[in-house]
Amino acid sequence: MTPFIPALSATRAPLLLAIMTIATVVLALSGVAFGSSWIPIDRVAAVILGAGEKTQSLIVLQLRLPRVVIAILAGGGMAVAGFLLQKITRNSLASPGVLGVIDGGALGVVIFLAALSDESNTLVTSIVFQPLAAMAGATLGIAAVFLLSGRQSVSAVRLLLFGIAVGAVAKALVMVMMLIGPIYRTSQAARWIAGAVNEVNWTEIQITALLLLPLLVLSLAVARKLPPADLDEVSARSVGLDLPVFRLLVFAVAAALTAVSVAFVGAIGFVGLMAPHLARLIVGRSMVAGIIGSFLLGAFMLVGADLVVRVLFAPTEVPAGTVTAIIGAPYFLFLLMSKQRHDG
Amino acid sequence: MTANPAPSITIDGLTLAYPGKTVLDTVTLAIPRGKITVLAGPNGCGKSTLLRAIRRLHRPAAGRVLLEDIDVADLSEKALARHIGLLAQNPSAPEDMTVEELVRLGRYPHQTMLQRWDAQDTRALEAAMAGTGVASLRDRPLGSLSGGQVQRVWIAMVLAQETEIVCLDEPVNHLDLAHQLDCLDLVRQLNAEFGRTIVLVLHDLNLAARYADQLVFMRDGGVAACGTPDALMTQDLIARVFNVDAMIITDPAYGRPLCLPLRTC
C-alpha cells in the first residue's frame, strides 16, 4: 500500500506548507473573482480590505466570499478529520465518508431540521444547535462502526465494510425522514445531502469558525502525541502511548471536526480521504506538517471544486460535493483494488 | 552485579482469564536482575501472555506484577514504558518509515509536553543505533531492509527506550538460522554490555538452553519448572512439559544441554 517515497527532510516542510498556503489563498481569491460577472482580483482584495465600490462589495461580501470561506473551513476540517482517522486506524482507506461519520452527521442534521422546523420552514430554535446535532449523529455513527466491528476493526477492509453498512443504515433513515416529512423538509435535506457551499451566510460561517478553531488546535496537540500510532498496537503501547484511551479521543475529535465542517454545507465526500494522502506525498510523514498540509489541501480541493461547478455549470447551482465525488470515488476504487492485491 | 541479585520483577499469583478460558493460572515467578530469563513451553501454554502481562498489556483477574516493590498497575503508561521495554512478536511499522525515525520512537516515553527532544535523547538514540549496528542504515526506509536488519532496528528502538528491563516476544520467529544467532547474540550483548534484565519468549528449546541464565518451562497457563538450563533440561521434565521423548546430551561446543527429540509420548 505505502508507495516508496524518498524521505523529505523536515526542513523542507515549512517551505512546502508556505507554497500550499499561497496556492490556497490565490485559488480562494480566484474563487471570489469568478462568477456571473468577473471581478478583477485587485478589486476583490480592495473589497476585502474595506475599500471596494458598493456593487462589487455586495457581490463579494454577500455572495461569493461566504461560499469560499465556508469551503476553506469545511474542506480543511474534513481533511484534518481524515488525517486523524487514517493515522489512528493505520488504514489509508479510512476517512469520515467511509466510517459512518458523515452519514451519521447527516442523520443528526435531518432529524434536527425535521424536529425543530415549523410549517413555514424556519427553525424554532437557534441555528447554533445544528452543528451540535451533526456532532451527536457523527459520534453515534463512528461509535456504531467500532462497537459492531469489535476485534475485526484491526482489519482495514473489514472496518470499511462495517463503515459502509452503518453509513447505509443512516442514509436509509435520512431517506425515510425525507419521504414521510413535509415537502419543504425534503428540499432542504436534499441540498444538504448533496453537499453545497452556496446559501451559507455569515452567521453560519461564524458558528463554524468558532467551533472549528479549538478543534484544530486540539488536533495539533493530539498530533504531537500521535507518532507511535504508526506502529502496531503492542509496539505503540509499549513505548508508552495509552492507545485504548487515545483512540477514543482521536475518534471523538475526528467526529467533531467532521460534524462541524459539514453541519452547514452538507455531506461532501472524499476530501477527507484524498487530502491527507496528498499531504503525505508532499510533506512526508511529519504529524504536525501533515495536519497543516491536510487542512490546506482540503481547503484547496473544496474551493477548487466549488469554482469548477460555478465556471462549468453556471447559472445552474450544482453542489460542489458532486465534483469531489466524481474525482474521489474512482480514486477510492483504485485504492480498494490495490489494497486487494496486498491483503488478499 | 552480586552473585544472587534481588529480583527485578516479582510475579505474584497472577491470574488472567478470558470468558470461558483461564490463560494464566496463579503464576508466581521471580525475574532476577541483570540476567536473561527465557520463557519456554508448548503452544498455548501462556508464555507470550505472561510476557505481555508483565508489561501490563493485559489486566490480570487476580495477582500482581511488582517492579522492585512497585505494583506495575500503579504506574502511568509513560512511566511504565521507561522501566519495561517490549518487542512485540510481529511488530509492524510503515514501510516508508526510516530506520532513524523508528529508533527515535523509543524516546517517546522520555518526552513530555514540556520536555522536548534533548541531548540525552540524541545520546540514547546514537548509542542504540551504534550498539545494534544499524547506524549506517539510518536514512534507509524499513521496506528496503532484510528481515534480519529490520529485527535489529526494532531491537535498537527498544534499546533507545533505556529501560532496565527488556522483554522480547519470540524475536527470532521468521528469521533464518544465521539471523537467529545474530539476533540472540545481540540480546546477550544488551544483557552483558548494557546491563539490561532480559525476559525472552523462545520457541526453540535448544536456543533457550543456550542463551538462558534462568529457564522457565510453562504448561497450561502455569509455571511447570524454573531453574538453570542444566537443571531443567532433563528427559523427565521434557516428557512432562512437552510430551516428547528426548535424549539430552551436552552441546560439545558450548557445554550447554542439548535436546534431541526422539518421538512424541
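The following legends describe close-up views of a predicted model.

Figure 1. Chain B contains nine helices and 12 strands. Its C-alpha atoms fill a box of roughly 55 × 40 × 40 Å along the principal axes. A compact globule of 265 residues would have a radius of gyration near 18 Å, and the 19 Å of chain B agrees with this. Of the 265 residues of chain B, 44% count as buried. Among the contacts in chain B with a separation of 6 or more, 65% are between residues 24 or more positions apart.

**Figure 2. Strand β8 of chain B, residues 197–201.** Five of the five residues of β8(B) are buried, so this strand is largely enclosed by the rest of the structure.

**Figure 3. Helix α1 of chain B, residues 47–54, and the residue R56(B).** The helix is mostly covered, with seven of its eight residues buried. The buried residues of α1(B) are K47(B), T49(B), L50(B), L51(B), R52(B), A53(B) and I54(B). Just after α1(B), R56(B) takes a positive phi of about 60°.

**Figure 4. The loop residue D220(B).** D220(B) is placed in the loop between β9 (214–219) and β10 (222–227) of chain B. Its phi is near 50°, a positive value in a residue other than glycine. With 15 other C-beta atoms within 10 Å, D220(B) is partly exposed, because a residue is counted in this class when its number lies between the limits of 12 or fewer for exposed and 20 or more for buried.

**Figure 5. The loop residue F270(A).** F270(A) lies in the loop between α10 (243–262) and α11 (271–283) of chain A. Although F270(A) is not a glycine, its phi is positive, at about 75°. F270(A) is buried, with 26 other C-beta atoms within 10 Å.

**Figure 6. The contact between chain B and chain A.** Chain B gives 24 residues to the contact and chain A gives 18 residues. On the side of chain B that touches chain A, the elements that give two or more residues are α2 (77–83) and β6 (84–87) of chain B. The largest share of this side, three residues, comes from α2(B). By class, the side of chain B that touches chain A has 12 nonpolar, six polar and six charged residues.

Definitions and conventions
Residues numbered from 1 in each chain as written. Chains lettered and ligands numbered in written order. Predicted model: local features only at pLDDT ≥ 70, side-chain atom pairs only at ≥ 80, totals over all residues. Helix = DSSP H or I, 4+ residues; strand = E, 2+ residues; numbered from the N terminus. Contact = placed C-beta atoms within 7 Å. Nonpolar A, V, L, I, M, F, W, Y, C, P; charged D, E, K, R; others polar. Rg over C-alpha atoms; globule rule 2.2 N^0.38 Å.
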